[in-house]
Every structure is written in structure tokens, then in C-alpha cells.
Amino acid sequence: AAKMASLVDSTQATNTFYRIPPGQEVTVCYVIDTCEYCADTVEALEDLIRDKIGTKYQDKIDMNEEQDAFQDVTAKCIRVLVSGLEQRLDAPLKELSRTNWSSFDMVGEESSYVRTIQLTIHPFVTEVRQLIPSSYFRSFCDKFAMTFASTYYRTLTGLKRISEAGTQQLLLDVTTIKSLLLKLPVLEAEKKPGGATRHSSVNQSKSLSGASTIAPAMYTKMVNKEFRKLEVMLKLVGSPKDMLVDMFRAQWDSSIDTSRMASDFQTIMNLKGIPRNDHASMLESLGVEAVEGRGGADSSMTVNIQALQEKGSDVAAKVNADLDQMRQRVDRFRNAFR
């Protein structure tokens with residue numbers, strides 16, 4: 001228990017952003033498996049101690065805190081896996097940011113950054129799928145898909161001018177990445193010679209037994225919803241300037257606070273490369289007032305479209321705040337049986 005707490009606590013130095021060294025995601029998965037076993041058996045251990053101890057001490061036997069400690073470690077390990085995979089995607093997303101999308105004049109296959117993302121996600125996810133119970137793997141997929149969609153969206157809205165062909169190329173890239181994420185819960189490892197995968201063990205059979213080849217409906221709905229925001233944004237950026245106001249009215253989510261409309265529209269105009277001198281007249285045609293500063297526009301649009309994701313960041317911000325308390329609980333559990 002102490003070693004498990006130490007492993008999770010060792011991530012504290014990087015706040016809520018965790019970098020997992022190559023291959024160490026396996027160790028994190030083993031911690032999840034061990035914590036699941038311990039949490040499942042603590043209750044039985046509590047009953048066993050009550051049977052053996054004197055009657056007057058039975059009411060004092062309570063291991064709820066110890067059980068919670070193991071569950072806390074498991075939850076934190078899931079967050080470590082999610083953040084660790086996301087950090088490995090820094091390089092391809094930086095490549096996306098550095099690309100001059102205003103110079104594109106034709107659409108080809110998916111961009112090289114997309115292929116790097118695919119080659120990074122597939123082995124990591126299939127490794128995790130083989131090693132942890134299916135319920136925890138579903139949680140991992142949900143959290144990663146939400147987090148990555150949010151990061152991908154912020155990266156796209158942070159680009160400079162995008163040409164019409166660049167918009168079409170990015171729409172192709174978005175479609176490819178969405179297809180990958182839709183398959184995330186059912187990705188399978190590549191077969192090794194002889195038909196065995198890297199971890200053909202008890203853990204694998206435990207994780208994949210009865211596994212479906214179709215992603216859960218709620219997961220599919222969530223991914224489609226998150227990526228529709230990216231697709232709508234890029235379609236607006238690629239629309240003709242004289243049709244932008246009408247198309248924005250048709251596509252913009254009317255359920256969102258109307259005070260955000262101007263900042264959203266300004267972000268689209270910035271990505272289209274519309275001269276700033278034309279912003280005021282187009283905003284007037286839309287029936288809203290200008291918001292000063294592109295930074296404010298980008299920021300408010302991100303907050304506007306991604307409110308649900310940012311609620312999740314509040315949870316992530318608490319990870320390190322309670323690590324010490326969790327470690328102390330596990331240490332007390334360990335010391336009680338020395």
C-alpha cells in the first residue's frame with residue numbers, strides 16, 4: 001500500500017500534468033489492479049477481524065477510510081493515465097500549431113500530425129485495455145476523449161489565418177481523429193507472431209472477457225457532440241465571407257448566452273483572416289457589438305463551447321491537494337497490521 005501511495009505521490013511535482021516514461025503506463029495499470037483487489041477485500045477483512053476480536057472491540061473496527069484510500073489511488077491513477085497520454089501528444093499538436101494553414105491550396109491525405117497522433121494513441125490504449133478492468137478502462141476512455149477534444153479545439157482556435165483549402169484539410173484531419181476516438185473503447189492490440197499479444201495474461205482475460213466490439217452508445221454520443229463543435233467551427237471558417245453572418249446564425253448554438261455571440265463570431269473572423277476594419281460592419285449585420293482584443297474573443301469562445309470540460313479541470317485541480325491525506329490513510333492501514 002505504501003509503495004502504491006508513493007507512486008501516485010511522486011507525480012505531485014508536475015501538478016496536474018503527468019508525463020509517464022515509456023513503458024511505465026504498465027506500472028500504473030498494475031497499481032490500479034492491485035488497488036481494486038485491496039478495495040474489494042478490505043470489507044471481508046473487516047468482517048474477519050470482527051469475528052476474531054473481543055466483543056467489546058467489535059464496534060471499533062471500521063475500515064471505510066482504508067477502502068476509500070485504495071479507491072482514491074485508483075481514481076488518481078486513471079487521471080495519471082489520461083494526462084500521460086495527452087502529454088505524449090504535445091509534439092503532433094505543436095506541429096499542427098506551427099503549420100502555415102493559410103498557404104494551403106489543395107487537400108491531400110490526412111496530415112502528418114494526425115498519423116503521429118494515431119501511432120501514439122493506439123499502442124497506449126490497447127496496452128491499458130489489456131491490463132485494467134473494463135469498468136476502469138471505460139472511465140479512462142471517457143476522460144481522455146473529453147480532455148483531448150478540449151485540447152484539440154483550443155489548438156485549432158489558436159491558429160492564425162486558415163485558407164479555404166486549409167479548412168478542408170483540417171476538416172479531413174478532424175474526421176480521421178474523430179473516427180479513431182470513436183473506436184477507442186474497442187481498440188485491439190496488434191497480434192504478435194504466434195497469435196499472442198504482449199500481455200496475454202490473467203489481467204487481459206479479466207479486462208477483455210465478454211468485451212464488445214461496438215463502443216458504448218453514450219460514449220459515441222459524447223464524442224460526436226464534442227467533435228461537432230470542431231466541425232461547425234471549421235465549416236464557418238471555410239464559408240464565403242458574404243455568407244458568414246447567415247451561416248453563423250444558422251449554426252451557432254442559440255442555447256448559449258447571447259453575450260458570447262460577439263466573441264465567438266470574432267474568433268471565426270480572425271481565423272478566416274477577415275481584415276479588422278471589416279469586423280465592426282459584420283458584427284453590426286449580426287446585431288451584436290464588438291469585443292475588444294482577439295485574446296478575449298478566443299478565450300470566451302473556448303469557455304463558451306467547452307463549459308462541461310472545464311468543470312472537469314476543477315476536479316483535476318484537487319488531485320494534488322489531497323495526495324498527502326490519502327497517503328497517510330494508506331500508511332495507517334499498513335501499520336495496523338505490522
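Contact here means heavy atoms within 4.5 Å, and by that criterion Thr167, leaving aside its neighbours within four places in sequence, is in contact with Ile162, Leu234, Val237 and Gly238. This is a predicted model, in which local features need pLDDT of at least 70 and side-chain atom pairs count only at pLDDT 80 or more, while totals for chains, interfaces and linings use all residues. Residues are numbered from 1 along each chain as its sequence is written, and side-chain values use heavy atoms, with hydrogens and water left out.

**Overall architecture**

- The chain has 15 helices and 0 strands, where helices (H or I, at least four residues) and strands (E, at least two) are DSSP runs numbered from the N terminus.
- Buried residues make up 46% of the 338 residues in the chain; buried means under 20% relative accessible area, exposed over 50%, and partly exposed in between, with a 1.4 Å probe and protein chains only.
- Of the contacts in the chain with a separation of 6 or more, 84% are accounted for by residues 24 or more positions apart.

**Nonpolar core and buried positions**

- The largest nonpolar core has 81 residues, and those with the most contacts inside it are Ile121, Phe140, Tyr152 and Leu156; such a core is a set of buried Ala, Val, Leu, Ile, Met, Phe, Trp, Tyr and Cys residues joined through side-chain atoms within 4.5 Å.
- Leu156, leaving aside its neighbours within four places in sequence, is in contact with Leu96, Leu170, Val174, Leu230, Met233, Leu234 and Leu271.
- Thr167 is found in helix H7 (residues 164-182), and Thr167 counts as buried because its relative accessible area is 0%.
- Ile117, found in helix H5, is likewise buried, with a relative accessible area of 0%.
- Leaving aside neighbours within four places in sequence, Ile117 is in contact with Leu89, Pro92, Leu93, Phe148, Ile177 and Leu180, and the C-alpha atoms of Ile117 and Ala91, 26 residues apart along the chain, are separated by 9.0 Å.

**Aromatic pairs**

- Rings of Phe, Tyr and Trp (its six-membered ring) pair if their centres lie within 6.5 Å, with planes under 30 degrees apart counted as stacked, over 60 as edge-to-face and the rest as tilted; by this rule the count comes to 8 aromatic pairs.
- The pair formed by Phe140 and Phe144 is stacked, because the ring centres are 6.3 Å apart and the planes lie at 15°.
- Phe140 and Phe144 are 4 residues apart in helix H6 (residues 134-157), which means that about one helical turn separates them; Phe140 is buried at a relative accessible area of 0%, and Phe144 counts as buried at 0% relative accessibility.
- The rings of Phe248 and Phe265 have their centres 5.0 Å apart and their planes at 70°, so this pair is edge-to-face.
- Because Phe248 lies in helix H10 (residues 244-251) and Phe265 in helix H11 (residues 261-272), the pair ties together parts that are 17 residues apart in sequence; both Phe248 and Phe265 are buried.
- Ring pairs also link Phe124, Phe137, Phe140, Phe144, Phe148, Tyr152 and Phe227 into a cluster.

**Packing of H3 and H5**

- Helix H3 (residues 64-88) and helix H5 (residues 112-131) pack at an angle of about 160°, with their axes 10 Å apart, which makes H3 roughly antiparallel to H5.
- Axes are lines fitted to C-alpha atoms, for helices over the stretch in contact, and angles run from 0 to 180 degrees between N-to-C directions; angles under 35 degrees count as roughly parallel, over 145 as roughly antiparallel, 65 to 115 as roughly perpendicular and the rest as oblique.
- Where H3 meets H5, Leu81, Leu85 and Arg88 in H3 are paired against Thr120, Ile121, Phe124, Val125 and Val128 in H5.
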